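Got the sequence and the 3D view open? Let's walk through this one with some questions and answers.

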Amino acid sequence: MSVGVDEDEKDGPAEPEGGVRSRPRWRTVAIVLAPLVLFALLLASGLGRDPRALPSELIGQPAPTFSLPRIDAGGTIDLGDLHGQVVVVNFWASWCVPCREEHDALAAAWGRYRERGVVVLGVSFEDTKEAALAFRDELRGDWPLADDPGSRTAIAYGVFGVPETFVIAPDGTIAAKTTGAVTYEWLTDEIEGALRAGNVE
């Protein structure tokens, strides 16, 4: 004599009302929410910080040396020849929108400090010489421009993308770094600080 089995019993005993089945759902929700909560906490911890003020292991260290061919003239630019001067090294490219935005700030700083021995140097990043010169002619910059074959100098400075700007003090150490479009205020603050540190009037 066969005993009939109710279809509901095939799936195990019925769960009492009151939401016992909801436990797995809550566990799933918790698993999904946990990473989101952690991400929100990490994001909140970064609020209020200037995203351009990223720490650099190079700050306070000797600037990597380079000798780069000039784009705007013949010859090369050798960092060793600029020892004792404040040097602003700006990695940029003609295809870079923020590089266009920062151009006026660099031009103003160059115009203000060039008579005090400060050198602004643009280093072309993964660009062609023709495009770099066209960019310069369009925006009328007149500070020295250099090519960086194989991006070796950019790699030595830890450049991840453009624009990135470094201020090198008269003693040859890197005094400051910023990422993104540089501002005139940042440039003047850092240049003045480097001049004072080097006792350069």
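**Cavity, core and charges**

Q: How many cavities of 30 Å³ or more does a search of the whole structure find?
A: First, a heads-up: this is a predicted model, where local features need pLDDT of at least 70, side-chain atom pairs count only at pLDDT 80 or more, and totals for chains, interfaces and linings use all residues. Residues are numbered from 1 along each chain as its sequence is written, and side-chain values use heavy atoms, leaving out hydrogens and water. A cavity is a set of points, on a 1 Å grid over the protein atoms alone, where a 1.4 Å probe fits but cannot get out. Searching the whole structure for cavities of 30 Å³ or more gives 1.

Q: What is the volume of the largest cavity?
A: Grid points are joined across faces, edges and corners, and the volume is the space filled by probe spheres set on the points. For the largest cavity that comes to about 100 Å³.

Q: Which elements each supply at least two residues of the lining of the largest cavity?
A: Lining residues have an atom within 4 Å of a cavity point, and here they include Asn90, Trp92, His103, Phe135 and Arg136. Helices (H or I, at least four residues) and strands (E, at least two) are DSSP runs, numbered from the N terminus. The elements that each give at least two lining residues are β3, α4 and α5.

Q: How many residues does the largest nonpolar core have?
A: In soluble globular proteins, nonpolar side chains tend to be buried together. A nonpolar core is a set of buried Ala, Val, Leu, Ile, Met, Phe, Trp, Tyr and Cys residues joined through side-chain atoms within 4.5 Å; buried means under 20% relative accessible area, exposed over 50%, and partly exposed in between (1.4 Å probe, protein chains only). Phe91 and Tyr157 are among the residues with the most contacts inside the largest core, which has 48 residues.

Q: Tyr157 touches which Phe residues, not counting residues up to four places away in sequence?
A: Touching is a contact, with heavy atoms within 4.5 Å. Leaving out those sequence neighbours, Tyr157 meets Leu58 and Ile168, among others, and its Phe partners are Phe66, Phe91 and Phe166.

Q: Which residue forms a salt bridge with Asp72?
A: A salt bridge is a side-chain nitrogen of Lys or Arg within 4 Å of a carboxyl oxygen of Asp or Glu. For Asp72, the closest N and O atoms of the pair are 3.5 Å apart, and the partner is Arg136.

Q: Arg112 and Glu192 tie together parts that are how many residues apart in sequence?
A: The two side chains meet in a salt bridge, 3.7 Å from N to O. Arg112 belongs to helix α4 and Glu192 to helix α7, so the parts they tie together are separated in sequence by 80 residues.

Q: Which side chain of opposite charge is nearest to Asp147, and how far away is it?
A: Asp147 lies in the loop between β5 (145-146) and α6 (152-156). Lys and Arg count as positive, Asp and Glu as negative, with His and the chain ends not counted. Asp147 is buried yet has no salt bridge. The nearest side chain of opposite charge is Lys129, at 4.4 Å.

Methods:
On a 1 Å grid over the protein atoms alone, a cavity is a set of points where a 1.4 Å probe fits but cannot get out, and a pocket is an open set with protein on both sides within 12 Å along at least five of seven lines; lining residues have an atom within 4 Å of a point.
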